[in-house]
Amino acid sequence: MEVKKFSWKRAWKLVRYVIATFFILSIGSVILFRFIPIPVTPLMLMRCGEQLVKGKPLKLQKDWVSMRNISPNMVQAVVASEDNRFPDHIGFDFDAIRKAMRHNEHSKRLRGASTISQQTAKNVFLWPRRSYLRKGIEAYFTLLIEVFWTKERIMEVYLNIVEMGNGVYGVEAASQKYFGKSASNLSQSNAAMLAAILPSPIKRNPAKPSRFLINSQYQIIVAMRQLGPVEL
């Protein structure tokens, strides 16, 4: 049996093909999702897989709604709590990154500096596990959505796919589950409570808030009032 010799030319051709395919598919998918709802995310699939492995019933509650059906209070709450420079930056808050790096040099409790754009890029296109490779690809997709999507679209996608409980994704499903109302009718207090669970949505329950969660809600309400209306 004849064994083909290794060819650098053939290998380079394969590498170029893989790179070209990646760019075509990534840019194409970003453009496509500019106009259609996101059907499912890698995190949703991972959570479903974890449920199956543990022998638990599948839970996947989500209900896509447009921005006009989401209360401005919810937009204001996540901007105030997660990324108060969201309307103005180009996907990255370099000032927040510098502050986080200085903080992490002297603290065991690491602080992140991901913007809403970065979180959206990660949630839609990538796996949730942290690594330098994932962060690099996340930066690439963040730039793509900042180029091809509007700020309003980024916010719309974020609020429709963000994890908000065990098997609960998006503000409409969360609003119905925890408050018995649609996302369009969320009050300032409701929106602040939902924003307060985002750092740890599996462990925090808006229906039975701890003292810590209530304090976080209060701090977000104060930040919302200082921020004022958010224009996207």
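# A predicted helical chain, from fold to surface

Among contacts in the protein chain (heavy atoms within 4.5 Å) between residues at least 6 apart in sequence, 70% join residues at least 24 apart. This is a predicted model, in which local features need pLDDT of at least 70 and side-chain atom pairs count only at pLDDT 80 or more, while totals for chains, interfaces and linings use all residues. Residues are numbered from 1 along each chain as its sequence is written, and side-chain values use heavy atoms, with hydrogens and water left out.

The protein chain contains 10 helices and two strands. Helices (H or I, at least four residues) and strands (E, at least two) are DSSP runs, numbered from the N terminus. Read from the N terminus, the order of elements is α-α-β-α-α-α-α-α-β-α-α-α. Along the principal axes, the C-alpha atoms fill a box of roughly 70 × 45 × 40 Å. Of the 232 residues in the protein chain, 42% are buried; buried means under 20% relative accessible area, exposed means over 50%, and partly exposed lies in between (1.4 Å probe, protein chains only). The chain exposes about 14100 Å², with carbon and sulfur atoms supplying 59% of that area. Accessible areas come from the Shrake-Rupley method with a 1.4 Å probe, and for residues only the protein chains shown count as cover.

Because 10 of its 11 residues are buried, helix α7 is largely enclosed by the rest of the structure. The buried residues are Lys151, Arg153, Ile154, Met155, Glu156, Val157, Tyr158, Leu159, Asn160 and Ile161. Their cover includes the helices α2 (42-53), α3 (72-82), α5 (116-125), α6 (132-148) and α8 (171-179), together with strand β2 (168-169).

Arginine 153 and glutamate 156 form a salt bridge between their side chains, at 2.6 Å from N to O; a salt bridge is a side-chain nitrogen of Lys or Arg within 4 Å of a carboxyl oxygen of Asp or Glu. The two residues are three apart in helix α7, so about one helical turn separates them. Both arginine 153 and glutamate 156 are buried.

The whole structure holds eight salt bridges. In helix α6, lysine 135 and glutamate 138 also lie three residues apart, about one turn of the helix, and their side chains meet in a salt bridge at 3.1 Å, N to O. Lysine 135 counts as partly exposed because its relative accessibility is 35%, whereas glutamate 138, at 2%, counts as buried. Another salt bridge joins aspartate 95 to arginine 85, with 3.2 Å between the closest N and O atoms. This pair links distant parts of the chain, 10 residues apart: aspartate 95 is in helix α4 (residues 94-105) and arginine 85 is in the loop between α3 and α4. Aspartate 95 is partly exposed, with a relative accessible area of 25%, and arginine 85 is partly exposed at 36%.

Charge can also be followed over the chain as a whole. There are 34 positive and 16 negative side chains, and the centres of the two sets lie 8 Å apart. Lys and Arg count as positive and Asp and Glu as negative, while His and the chain ends are not counted; the place of a charge is taken as NZ of Lys, CZ of Arg, CG of Asp or CD of Glu.

On the surface, Lys54, Lys56, Lys59 and Lys177 gather in a patch of positive charge. Patches are made of residues with over 30% relative accessible area and no salt bridge, like charges being joined within 9 Å and nonpolar side chains (Val, Leu, Ile, Met, Phe, Trp, Tyr) within 5 Å. Lysine 177 is found in helix α8 and, at 48% relative accessibility, counts as partly exposed.

A nonpolar surface patch is formed by Ile31, Leu32, Phe35, Ile36, Val147 and Phe148, with about 560 Å² of accessible area together. Helices α1 (8-32) and α6 each give two or more residues to this patch. Isoleucine 36 lies in the loop between α1 and α2 and is partly exposed, with 33% relative accessibility.

Asparagine 190 is buried, with a relative accessible area of 11%. Leaving aside its neighbours within four places in sequence, asparagine 190 is in contact with Phe179 and Lys181. Asparagine 190 and proline 206 are 16 residues apart in sequence and, C-alpha to C-alpha, 8.8 Å apart in space.
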